[in-house]
Amino acid sequence: MIFTKILALTVFLFLATPDTPIKYDTNIYNLFIHKGIKFDKIKGKLKIRTRENGDVFRFGGMTRKVKRLFCDRKIPSHERDTLPIVCDDDGIAWIPGFPVRDDLKPSDNAGICHLVYRKRG
């Protein structure tokens, strides 16, 4: 398991085995967001960072600027600079509150890297 803490945010990454049936798209009381991504499709290493100028995110068959996504979702400006962004060598893999990148969507429960976002409140 990889544990990373960014400011007041905690992100947990762990790899599932076939005997751990976990739903990969669960939102628990708006404090936890749990997503799964295909482990074998990750390019390079996963990195967790905050947003940078010019970030773009590909999901749902479209490419959108992260700044525009945050504005459209009405995320407060003080949260925009602290929200963790999970990236690999191909770009942004996942932003909490949004779907995972199209090529990383899991089709079954084998070989899934589980991403859990916990917002401290």
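Modeller: Two strands count as paired if DSSP finds at least two bridges between them. Strands are DSSP runs of E with at least two residues, helices are runs of H or I with at least four, and both are numbered from the N terminus. The model is predicted, so local features need pLDDT of at least 70 and side-chain atom pairs pLDDT 80 or more, while totals for chains, interfaces and linings use all residues. Residues are numbered from 1 along each chain as its sequence is written, and side-chain values use heavy atoms, with hydrogens and water left out.

Biologist: OK. How many bridges join β6 to β7?

Modeller: Four, and the two strands run antiparallel, with β7 covering residues 62–65. R58 sits opposite T63 of β7. The β6–β7 hairpin has two residues between its strands, and G60 there has a positive phi near 60 degrees.

Biologist: Which residues are on the covered face of β6?

Modeller: F57 and F59, whereas V56 and R58 are on the uncovered face. In a regular strand, side chains alternate between the two faces of the sheet.

Biologist: Why is F57 called buried?

Modeller: Because its relative accessible area is 0%, and buried means under 20% (exposed is over 50%, partly exposed in between, with a 1.4 Å probe and protein chains only). F59 is buried as well, at 8%.

Biologist: How many aromatic pairs are there?

Modeller: Three, where rings of Phe, Tyr and Trp (its six-membered ring) pair if their centres lie within 6.5 Å, and planes under 30 degrees apart are stacked, over 60 edge-to-face and the rest tilted. F57 and F59 make a tilted pair, because their ring centres are 4.9 Å apart and the planes are at 35 degrees. Together with F70 and F98 they form one aromatic cluster.

Biologist: What else does F98 touch?

Modeller: Leaving out residues up to four places away in sequence, F98 touches K35, F57, F59, L69, F70, R73 and I75. Contact here means heavy atoms within 4.5 Å.

Biologist: Which residues touch the most other members of the largest nonpolar core?

Modeller: F57, I95 and F98, out of 23 residues. Elements that each supply at least two of the core residues include β4 (32–38), α1 (66–72) and β10 (112–119). A nonpolar core is a set of buried Ala, Val, Leu, Ile, Met, Phe, Trp, Tyr and Cys residues joined through side-chain atoms within 4.5 Å.

Biologist: Switching topic: what is the strand order in the open sheet of three strands?

Modeller: β5-β8-β9, with antiparallel pairing. β5 (47–49) and β9 are the edge strands, each pairing on one side only.

Biologist: And how are the bridges laid out, say for β5 and β8?

Modeller: There are three between β5 and β8, with R49 partnered by I85. β8 and β9 also pair over three bridges, and C87 has I92 as its partner there. A hairpin of two residues joins β8 to β9.

Biologist: Is D88 buried or exposed?

Modeller: Buried, because its relative accessibility is 4%. D88 is in β8, where both faces are covered: I85 and C87 are on one side, V86 and D88 on the other.

Biologist: What does the D88 side chain make a polar contact with?

Modeller: The side chain of R101, at 3.0 Å. A polar contact is a pair of N or O atoms within 3.5 Å; within protein, one must be able to donate a hydrogen and the other to accept it, and residues adjacent in sequence count only if both atoms are side-chain atoms. A polar atom of the D88 side chain also lies 3.0 Å from the backbone nitrogen of D90.
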